[in-house]
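Please look over the structure shown below before reading the briefing. The points after it are grouped by topic.

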Number of protein chains: 2
Amino acid sequence: MNPAGLDALAEALRCLPGVGPKSAQRMAHHLLQSDRQGARRLGEAILHALDAVRHCQRCNTFSETDLCTRCASSQRDSTLLCIVETPVDMNMMEQTLAYQGLYYVLMGRLSPLDGMGARELGFERLLERVLDGVVREVILATNYTNEGEATAHYLAAMLAPRGVRVTRIARGVPVGGELEFVDPGTLAQALRERKSCAG
Amino acid sequence: MNPAGLDALAEALRCLPGVGPKSAQRMAHHLLQSDRQGARRLGEAILHALDAVRHCQRCNTFSETDLCTRCASSQRDSTLLCIVETPVDMNMMEQTLAYQGLYYVLMGRLSPLDGMGARELGFERLLERVLDGVVREVILATNYTNEGEATAHYLAAMLAPRGVRVTRIARGVPVGGELEFVDPGTLAQALRERKSCAG
C-alpha cells in the first residue's frame, strides 16, 4: 500500500540491530517527513564509511589508513599487547589512561552458536602478530561473560606455550562498589583472588 | 579516537528517532563489521527514497507519482473524505476493508509546543480539497490523544460552516474488550455515547 521507495527504505532499516518492522516504518516516515536533511547526511555517511573505513593491518581495529594512529605511534610500548573484543572496549581501555601498550582487536569473541570460531576470528593472524619478536606480554582483556571467558581460555592455551607471558585483567569488587550490592559470584572471586596487604 | 568516517556515521545515525549516542555507536560498528551488504543497501535506499518519494498532490500521503494509487483509482467513493494524521493511520483504516472513500493525510497534528500550527499542517490546502464540490462528508479519524482531539475540534469548527457533513469516528470499548480491563475514561465515554438497541 506504500510507495515502493518507502517500503524498500523501511525494509533496509531492519538491518540495524534492535530495529523491528514497526520501528523501521516509524524511522522511514520520520526520515522522509521530518528530517530529509539528516536522512541525506545519513545515506551519504553510510556510503562514505563503507568506502573509507577498513581495518588496521596491525591491530585489526577500524581505521581509514593502513595503520591506525595507535599502531603508527612511536610513543607506545610495543612489548605489551592487549587483546580486546571490540573497538569500543579498546576505547574504554584508553580512557583509563593506565595503559601505554598496543592492542589487538578480535572484532568478536568465540561463539560457536553464531558461527564464530578460531578461523573466523583470525587467530592465526593474531598468533603472527604476537610472535613478532617484540611482544613480551599479552594482556587478555576480553569480557568476563561466558563467551569472553572461553575466548580468553582458548587464547591463553594457544599463546602460553609460545614463550610470551600471558595475563588476564583482574576480576573483583568495582572501585567505589559496596559489598552489599555486589553479586555473590563477583564477591566469591574477589575472595578467592585476594591479595596480601603490604604490612 | 575512532576514524573520522566511523564517527561521522555514528553521528548521522542519531537523526533516527529513539537512537542515542550509545546505540548509534553500536549500530555504526554493526554496519561496518557484520553487515556491509545491508549497510550499502540502506545507504542506497535512503538516497533513492529521498529522490523518489514525494507527496500525493491530492491526499498528501507519500507517493512516487503525482497522484497516489488510491486518489487515482475510479473505484473509490469520492464523496467521502477521511482525515488521518499519518500514512500509517491510513493503512490501518484500509486494513479494516470497511472504507471505500478517499483520504487526506495531515502528516502531523496540531501541536503548538512542537511548532505545528494550522499553517504548518497546510489547513488551507485541506479546505480547498474539501470544497471541491464532490465531497459530501468529512470523517475525522485523528487519534484520540489530546493533540488528535484538539486537531479534530479545530477541523470540525473550520469545516462545519462550509456546508459539508463532518463526523468523528466512534469512541468506546474495543471489540473483544473486557470491561474489567478497559480504562475508566473510555468506559465513561462508552456510557455517555451509548446507543439504543434495536428491539
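This is a predicted model: local features need pLDDT of at least 70, side-chain atom pairs count only at pLDDT 80 or more; totals for chains, interfaces and linings use all residues.

Residues are numbered from 1 along each chain as its sequence is written, chains are lettered from A and ligands numbered from 1 in the order in which they are written, and side-chain values use heavy atoms, with hydrogens and water left out.

**How the chains are related**

- Two copies of a chain are related by a rotation about an axis and a shift along it.

**Helix α3 of chain A**

- Helices (H or I, at least four residues) and strands (E, at least two) are DSSP runs, numbered from the N terminus.
- Helix α3 of chain A covers residues 36-52, and its 17 residues should span 24 Å at 1.5 Å a residue; the expected span is 1.5 Å times one less than the number of residues.
- The end C-alpha atoms of this helix are 24 Å apart, which agrees.
- Among the buried residues of α3(A) are Gly38(A), Leu42(A), Ile46(A) and Leu50(A); buried means under 20% relative accessible area, exposed over 50%, and partly exposed in between (1.4 Å probe, protein chains only).
- Within chain A, the buried residues of α3(A) pack against α2 (21-33), β1 (54-55) and β2 (62-63).
- In chain B, the buried residues of α3(A) pack against α1 (4-13), α2 (21-34) and α3 (36-52).

**Single residues**

- Leu13(B) lies in helix α1 of chain B and is buried, at 0% relative accessibility.
- Leu13(B) is in contact with Leu16(A) and Leu42(A), and also with residues including Val19(B) and Ala24(B), leaving aside its neighbours within four places in sequence; contact means heavy atoms within 4.5 Å.
- Leu13(B) and Ala24(B) are 11 residues apart in sequence, and their C-alpha atoms are 5.6 Å apart in space.
- Thr61(A) sits in the loop between β1 and β2 of chain A and is buried, with a relative accessible area of 3%.
- Val88(B) is in helix α5 (residues 87-95) of chain B and is partly exposed, with a relative accessible area of 26%.
- Val88(B) touches Gln25(A) and His29(A), leaving out residues up to four places away in sequence.

**Salt bridges**

- The whole structure has 20 salt bridges over all chains; a salt bridge is a side-chain nitrogen of Lys or Arg within 4 Å of a carboxyl oxygen of Asp or Glu.
- Arg54(A) and Asp66(A) form a salt bridge of 3.0 Å, N to O.
- Arg54(A) is in strand β1 and Asp66(A) in the loop between β2 and α4 (69-72) of chain A, so this pair ties together parts that are 12 residues apart in sequence.
- Both partners are partly exposed: Arg54(A) has a relative accessible area of 37% and Asp66(A) is at 40%.
- Glu94(A) and Arg70(A) form a salt bridge in which the closest N and O atoms are 3.5 Å apart.
- This pair links distant parts of the chain, with Glu94(A) in helix α5 (residues 87-95) and Arg70(A) in helix α4 of chain A, 24 residues apart.
- Glu94(A) is buried, with a relative accessible area of 14%, and Arg70(A) is buried at 9%.
- Glu137(A) and Arg165(A) form a salt bridge, with the closest N and O atoms 3.2 Å apart.
- Glu137(A) lies in strand β5 (residues 137-140) and Arg165(A) in strand β6 (residues 165-168) of chain A, so the pair ties together parts that are 28 residues apart in sequence.
- Glu137(A) is buried, with a relative accessible area of 16%, whereas Arg165(A) is exposed at 53%.
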